[in-house]
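Please read this report with the sequence and the structure side by side.

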Amino acid sequence: YLEFWLIGPHVHWYARFNVLLNVLIAWVIYFFSRRLTRLTNTRTARFVGQGVGLLTGGLYLQSHFAAYQIAQVLGLLESLALLLALLTLWGLFDYLEGRGKGAYLRACLSFFLVIFTHERYIALAPLFYLAVFMHWRNQRRIYKAYGAAAMDSDGRPMETGKTSAQKRERRKNGASDTLHRERIGAPLWEFLLPALILLLFFAVRMAVAGEAIPVGTAGTKVQDTFSLSQAIGFAWTQVAYIFGINAGHAIYCGVSFLDSPRWVWLLIGGSWLCLLGMLILYGRNAWQRGHITPRLLGEHLLFIGFIGLCIGSSSITIRLETRWVYVSYTAALLYLSFLLGELAKGHVAQETTEPRVLNMETVQGLRTRAAVQRRREMEDAERKKACLRRILPFSVLFLLYGLVMTPVEHFDREHYDNIFFFFDQDRVNSL
């Protein structure tokens, strides 16, 4: 309504408005990506986190999946739904990170808004129960390993105390073991709230549309047109889209992979090598770490589950359009930022939790203030080198992936005129 009120009959302004909206969404993606890299609060590698955030936002903007979001008036709906779905993912990620019930409520609010924006996102509901379960498992693990002193007054995991206030909190917690045993379980409302949101959604649909089940594409009914084999085929097609292959018909993607020139094939193959290199770097680091916590497992499952549920919810109707792949592709880019953040986490934890002063034994062994300062500078230099050795190869591969895919995305955009909804749109707008 606001878009129609602002723009009115100027039909050529709608695309500009939608582009501006997606630029704002790209900035949200930038901040989300920076948050996932865990490099925003470090002195030595902050520029890497900022660069990866800009790269993620830029890849979102240049993607050829944006055809509908930019060119159609209802692209506003798709864009807002994508934004709200990503905010739901962000809230659940922060909840798993131990940021408390505020993050969970933020995710619930985003979920409430997104399902009333586009009903296919009701598929995201299982992520809430995954997050609650894995968060409970992580709390239980920390309690068993460190006792109640490792939990704050809300029953959440607490980092190693580096301030007197945190130390007093831990001493206070040490005397309240029974209280934390009771708080270690997930509150009932965390289970009930997503279910109540879904119940409200279906009740509103019954009152307004007369049926609870959402309709499919072009007014079809999912229960009448659903085919398991077709849904599986559409799901694999979306996976191919995410990896750069236009596996669908040209009327949906502009130009199919088989009709693309050889240089496009070579660049897509180069992007796969970049992705494989990033996975190898992360896998080697995970192997050296030798263990996986419930929090880390939950966050991996959160991203993979989000991508899978978005793919599944858009594969059950009569056709597959690239506009539905956009959110899965964006989440995949954010997942790469998350992998980089896991590589950097060891350095970040050391830099942000270790006190800036040297321990007493070290200070006693150094005779002068100048010697202490030199020792600090040496330790900072070694820490910086260790951080850069860990994250720079992954970041360089991520940058190469973006550089390799940029010509491919622009080639696909040059064939927007082949997409079916552009036929009548160009004719009508010309009047």
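## Terms and basis

A residue is called buried if its relative accessible area is under 20%, exposed if it is over 50%, and partly exposed in between, with a 1.4 Å probe and protein chains only. By this rule Cys108, at 3% relative accessibility, counts as buried, and Cys274 is likewise buried, at 7%.

This is a predicted model, in which local features need pLDDT of at least 70 and side-chain atom pairs count only at pLDDT 80 or more, while totals for chains, interfaces and linings use all residues. Residues are numbered from 1 along each chain as its sequence is written, and side-chain values use heavy atoms, with hydrogens and water left out.

## Cysteines

A disulfide is a covalent bond between the sulfur atoms of two cysteines. When the whole structure is searched for pairs of cysteine sulfur atoms within 2.5 Å, the number of disulfides found is 0.

## Salt bridges

The structure contains 14 salt bridges, each being a side-chain nitrogen of Lys or Arg within 4 Å of a carboxyl oxygen of Asp or Glu. In one of them Arg38 pairs with Glu97, with 2.8 Å between the closest N and O atoms. This pair links distant parts of the chain, 59 residues apart, as Arg38 is in the loop between helix H2 (13-37) and helix H3 (46-62), and Glu97 in the loop between helix H5 (75-96) and helix H6 (101-117); helices here are DSSP runs of H or I with at least four residues, and strands are runs of E with at least two, numbered from the N terminus. Arg38 also forms a salt bridge with Glu299, where the closest N and O atoms are 3.6 Å apart. Because Glu299 belongs to helix H15 (residues 294-313) and Arg38 to the loop between H2 and H3, this pair ties together parts that are 261 residues apart in sequence. Both Arg38 and Glu299 are buried.

These residues belong to a network of salt bridges that links Arg35, Arg38, Asp94, Glu97, Arg106, Arg295, Glu299 and Glu342. Another salt bridge joins Glu119 to Arg205, with the closest N and O atoms 2.8 Å apart, and both of these residues are buried.

## Aromatic rings

How many aromatic pairs does a search of the whole structure find? There are 29, where rings of Phe, Tyr and Trp (its six-membered ring) pair if their centres lie within 6.5 Å, and planes under 30 degrees apart count as stacked, over 60 as edge-to-face and the rest as tilted. The rings of Tyr95 and Tyr104 have centres 4.9 Å apart and planes at 50°, so this pair is tilted; Tyr95 and Tyr104 are both buried. The rings of Phe420 and Phe421, with centres 5.4 Å apart and planes at 80°, are therefore edge-to-face. Phe420 is partly exposed, at 26% relative accessibility, whereas Phe421 is buried, at 14%.

Ring pairs also link Phe420 and Phe421 into a cluster with Tyr68, Tyr252, Tyr416 and Phe422.

## Nonpolar cores

A nonpolar core is a set of buried Ala, Val, Leu, Ile, Met, Phe, Trp, Tyr and Cys residues joined through side-chain atoms within 4.5 Å. The largest one has 94 residues, and those with the most contacts inside it are Phe111, Phe306 and Tyr401. Helix H16 (residues 326-353) gives the largest share of this core, 14 residues. Apart from it lies another core, of 7 residues, including Ala67, Tyr416, Ile419 and Phe422.
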